[in-house]
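Please read them with the coordinates open.

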Amino acid sequence: MEDFLRFEGITKTYGSTVAVDNVSFSIQRGEIFSLLGPSGCGKTTLLRLLAGFEAPDSGRIILDGEDITDLSPNHRKVNTVFQNYALFPHMTVRENIAYGLRVAKRPRAEIHAEVDRMLSLIQMESHAQKKPSQISGGQKQRTAIARALIMRPRVLLLDEPLAALDLKLRQRMSLELSLIHDEVGITFMYVTHDQGEAMSLSDRIAVMNNGIIEQIGTPAEIYEAPKSSFVAAFIGDTNFFDGSISEVIDSEYCRISVTDLPARLLCFNDKKLNRGDLVHLSIRPEKFQISLDPPQVGPKHNVLEATVEDIIYQGDHTRYWVDIGNDWRISLTRQHTRFMLDERPIKWKDRVYISWLADDGFMLERYSEADEELLQAPPQSVGETEVEEDSELSAASEGGTQS
Amino acid sequence: MIKKSKIPGILTWLVLLFFYLPILLLVVNSFNASRTGGNWGGFTLKWYAQLFTAREIWNALINSLLVAFFATLISTLLGTTAAIALHRYKGKLQNMHYCLVYVPLVVPEILLGISLLLFFVALQVELGLPTMIMAHVTFCVSYVAMAVLARLQDFDQALLEASRDLGANTWYTTRKVLLPIIFPGIVAGGLLAFTLSIDDFVISFFVAGPGSTTLPIQIYSMIRRGSMPLINALSSILLAVTFLIILVIQWISKNQEKKEKT
């Protein structure tokens, strides 16, 4: 299948800052494609390049077989939903939505019919005569989407469209966006720094950092098989171990000696690394099991003894912070079962066993220093509880990565 | 109950008296049959009658309105474009441009008047209404630019991008998005320019030529000739007209608000 939208070797600099560095990727027809990354990673620049508000220093943008790199924004068949909606304040909702068709000098009756169709799509019929200052954030959001969609763009660009909304509204609009996408079947390019939004909406995600794309994949691929330590830490939480490969057991497994830790950890060696190679081992919190008694596990499990440092009960799961020696803290989560209240509870300062399957660890290359800084304060997803954890998480990832 | 202090009330009345007593005296004197302001010689309308037959006053009024009209038109046009340019382009010379626009607001009027006169003389331009209009434009432009700039500070640049994004070219965007939104600023700047132009004396005095006497200059020369009662009558009429305009503007803006609410 031919690529619908293709970025070929795009570079864009502002003065001495490289915003986008020789980036190439493709988007398929009809998919929701997200550009995800921390602020300043170049995702908005890519969107502005596609919209035509900026021109690349080098590279081409090919849309449906046509080179649109040098077209001005008013001649591109793409439309944008702006971060703060950019609704025209002196026009009513109806006039805002009709704007593009008025510019195109379509017949009055046709414009009226099209606007009515859009108003019913976004369920704003009763607000058509209101000015933007008289409607709520979510309604502004829907108006901005309708104003762009009425142009029947080849690609709809969404620039952090939910950032200005409060939590509950954000979750609802996120759902509505995917409903609208199903209805109109237009390709979406979605720019966000919020991994929760990207995860729940996207068919595919491109994780960006420092002007390059670190990884492109489905939400599950990016979460379960991060290709770099940046992706592993930016998407969800993780625990990192610094170390080197001490023994290659067979074609699949190896042992890792971790700095400052006596244990040798068994790990799946999918990258076919050799003895002595420096690695980061990443293990997600939910991959651990925790128990008061020594666990009955197979040979492919790692088991460590640890001390419970902190417990946060969160309804559906509990988050534990445990010390595995030398003040090395690991964060892990445990899903609750209905028997939870019958079991002997794990308490603060208890000696516990943590275990995980060797296949659940991921070996990644070492950080650059810039990544370290970003990881000190990882952006968080939409969940309320997760937002509250922010500071603790960053504290823990600091603790987990120091050697 | 705490007893309220009487001082704020008294002060308010004193200030109001200070502001409006002279004006009140002027209006009263315009109906005074006596030539000197000191003693009341009975009620009369004869000064108003004389005023309507005084040709030179009407000529001066027409000159003033002509100058104000054209100065407002030109300075609104130039000031608005200057403000848009100052707002949109951030170049190295931006600060200097900003200063250039700002300077006429702070330079003493007499300096501006003298330098304009020297300039016109050096170029051997005949002094008259055109030079007067040019002189007024030089300082009105700054006020218009400031008023429009203030409005532009709140203008969301993304609106221009949104319009371009929806297929509009620059001209359409300017006409349908930029101008309607900054229009109140342009109107405010224009009104300011008109007011400043119509009562400017210092600069006008320097650059006025034969046959381009404006109302302020005419009033000044009438004071020197000692026709005080005529001036009183003229001033009272100007006062009435000004009040009327303000009332109309308030009535319009109140109606506008009502319309926006429904």
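1. Two residues are taken to be in contact if their C-beta atoms, placed from the backbone, lie within 7 Å. On that basis, 17 residues of chain A are in contact with 15 residues of chain B. Helix 2 of chain A gives the most, with three residues. By class, this side of chain A has 11 nonpolar, six polar and no charged residues. Here Ala, Val, Leu, Ile, Met, Phe, Trp, Tyr, Cys and Pro count as nonpolar, Asp, Glu, Lys and Arg as charged, and the others, Gly among them, as polar.

2. On conventions: this is a predicted model, in which local features need pLDDT of at least 70 and side-chain atom pairs count only at pLDDT 80 or more, while totals for chains, interfaces and linings use all residues. Residues are numbered from 1 along each chain as its sequence is written, and chains are lettered from A and ligands numbered from 1 in the order in which they are written. Helices (H or I, at least four residues) and strands (E, at least two) are DSSP runs, numbered from the N terminus.

3. The domain assignment of chain A, automatic or from a database, gives domain 1 (5-224) and domain 2 (237-401). Taken over C-alpha atoms, the centres of these two domains are separated by 37 Å.

4. A nonpolar core is a set of buried Ala, Val, Leu, Ile, Met, Phe, Trp, Tyr and Cys residues joined through C-beta atoms within 7 Å. Buried means that 20 or more other C-beta atoms lie within 10 Å of the residue's own, exposed that 12 or fewer do, and partly exposed is in between, with C-beta atoms placed from the backbone. The largest nonpolar core has 85 residues, and L50(A), L157(A), M189(A) and V207(A) have the most contacts inside it. Both domains of chain A give residues to this core, so it lies between them. Leaving aside neighbours within four places in sequence, V207(A) is in contact with residues including L36(A), I222(A) and F234(A). A second, separate core of 29 residues includes A82(B), V101(B), C140(B) and L196(B).

5. Helix 1 (residues 43-51) of chain A is largely enclosed by the rest of the structure, because nine of its nine residues are buried. Among them are K43(A) and R48(A). G52(A) follows this helix and has a positive phi, near 100°.

6. Strands pair if DSSP finds at least two bridges between them. Strand 11 (residues 239-248) and strand 12 (residues 253-258) of chain A run antiparallel and are joined by five bridges, with G243(A) partnered by V258(A). Four residues link strands 11 and 12 of chain A in a hairpin. Strand 12 also pairs with strand 13 (residues 264-268) of chain A, in the antiparallel sense over five bridges, and Y253(A) stands opposite F268(A). Strands 12 and 13 of chain A form a hairpin with five residues between them, and D260(A) in the turn has a positive phi of about 65°.

7. Chain B has 11 helices and zero strands. Its C-alpha trace spans about 75 × 75 × 35 Å along the principal axes. Buried residues make up 29% of the 262 residues in chain B. V15(B), in helix 1 (residues 7-29) of chain B, is exposed, because 10 other C-beta atoms lie within 10 Å.
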